[in-house]
Amino acid sequence: MNKPNEEREFVAAPAPNDDVIAAKPPRARVSDVVDEDEIAAPVKRERDYLDGFLHQKPAEGPVGGAGSDLQTAVVDALKEIFDPEIPVNIYDLGLIYGVEVDDECDATITMTLTTPHCPVAETMPGEVELRASSVPGIRDAEVDLVWDPPWSPEKMTDEARLELGML
């Protein structure tokens with residue numbers, strides 16, 4: 001048992017009625033971290049990080065339109081989508097009737113399906129829109145699904161016909 005005059009080695013927390021005088025911790029100073037010799041005059045900031053951006057000229061010529069780089073990029077992206085039943089991409093299969101890219105970088109794809117009852121009728125237009133809108137530079141893509149003129153094997157490219165053994 002502790003005697004009243006005996007000093008304790010540690011105290012978990014002072015009792016509410018004990019007067020505790022604690023010294024304030026020392027304040028942190030910049031000189032504690034950095035030597036005063038290392039502090040130099042402030043460095044003058046230059047705006048060189050904006051030079052390239054500010055002096056950049058807009059692209060010359062139309063951004064969209066027939067034969068533009070964006071239209072070619074959209075067509076290349078569409079050539080990566082394959083019909084699940086036929087091992088030919090939808091562009092060579094003749095399902096894409098038109099790809100237009102306007103000056104606002106909006107793509108409009110006119111397409112059809114082999115039949116209105118095609119098993120991918122619900123998903124294929126969405127995949128085409130997603131793939132076209134993911135092309136760098138395209139702001140928005142829209143797919144127009146049409147049934148007139150109806151698709152026929154004559155709309156396939158020679159490469160697709162060769163792949164399917166129709167030549």
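The chain exposes about 13,300 Å², of which carbon and sulfur atoms supply 52%; accessible areas come from the Shrake-Rupley method with a 1.4 Å probe, and for residues only the protein chains shown count as cover. The model is a predicted one, in which local features need pLDDT of at least 70 and side-chain atom pairs count only at pLDDT 80 or more, while totals for chains, interfaces and linings use all residues. Residues are numbered from 1 along each chain as its sequence is written, and side-chain values use heavy atoms, with hydrogens and water left out.

**Overall architecture**

The chain has 167 residues, and buried residues make up 24% of them. Buried denotes under 20% relative accessible area, exposed over 50%, and partly exposed the range in between (1.4 Å probe, protein chains only). Five helices and three strands are present in the chain; helices (H or I, at least four residues) and strands (E, at least two) are DSSP runs, numbered from the N terminus. Read from the N terminus on, the elements follow the order α-α-α-β-β-α-β-α. Of the contacts in the chain with a separation of 6 or more, 58% are between residues 24 or more positions apart, where contact means heavy atoms within 4.5 Å.

**The sheet**

Three strands form an open sheet with mixed pairing, in the order β1-β2-β3. Two strands pair if DSSP finds at least two bridges between them. The edge strands are β1 and β3, each of which pairs on one side only. Neighbouring strands of this sheet are turned by 15° against each other on average, direction ignored. Axes here are lines fitted to C-alpha atoms, for helices over the stretch in contact, and angles run from 0 to 180 degrees between N-to-C directions.

β1 and β2 run antiparallel and are joined by five bridges; in this pairing, E100 stands opposite T108 of β2. β2 and β3 run parallel and are joined by six bridges. Bridge partners and facing residues between β2 and β3 are listed below.

| Residue | Position in β3 |
|---|---|
| D106 | opposite D140 |
| I109 | bridge partner V143 |
| M111 | bridge partner L145 |

From β2 the chain crosses through α4 to β3, and this β-α-β crossover is right-handed. The term applies if, with the strands pointing away from the viewer, the path from the first strand over the helix to the second runs clockwise.

**Helices on the sheet and the nonpolar core**

α3 touches β1 and β2, and its direction makes about 145° with that of β1. α4 touches β2 and β3, and its direction makes about 150° with that of β3.

The largest nonpolar core has 30 residues, and those with the most contacts inside it are V74, L78, I109, M111, M124 and V128. Such a core is a set of buried Ala, Val, Leu, Ile, Met, Phe, Trp, Tyr and Cys residues joined through side-chain atoms within 4.5 Å. At least two residues of this core are supplied by each of α3 (69–78), β1 (96–101), β2 (106–111), α4 (124–133) and β3 (140–145). α3 gives the largest share, five residues. Leaving aside residues up to four places away in sequence, V74 touches V99, V101, A132, V135 and I138.

**Loops and backbone features**

Most residues other than glycine have a negative phi, and most peptide bonds are trans. C105 lies in the loop between β1 and β2, and its phi is near 65°, a positive value in a residue other than glycine. The two strands form a hairpin with four residues between them, C105 being in the turn. C105 counts as buried because its relative accessibility is 16%.

C118 is buried, since its relative accessible area is 8%. The C-alpha atoms of C118 and E85 are separated by 10.0 Å, the two residues being 33 residues apart along the chain.
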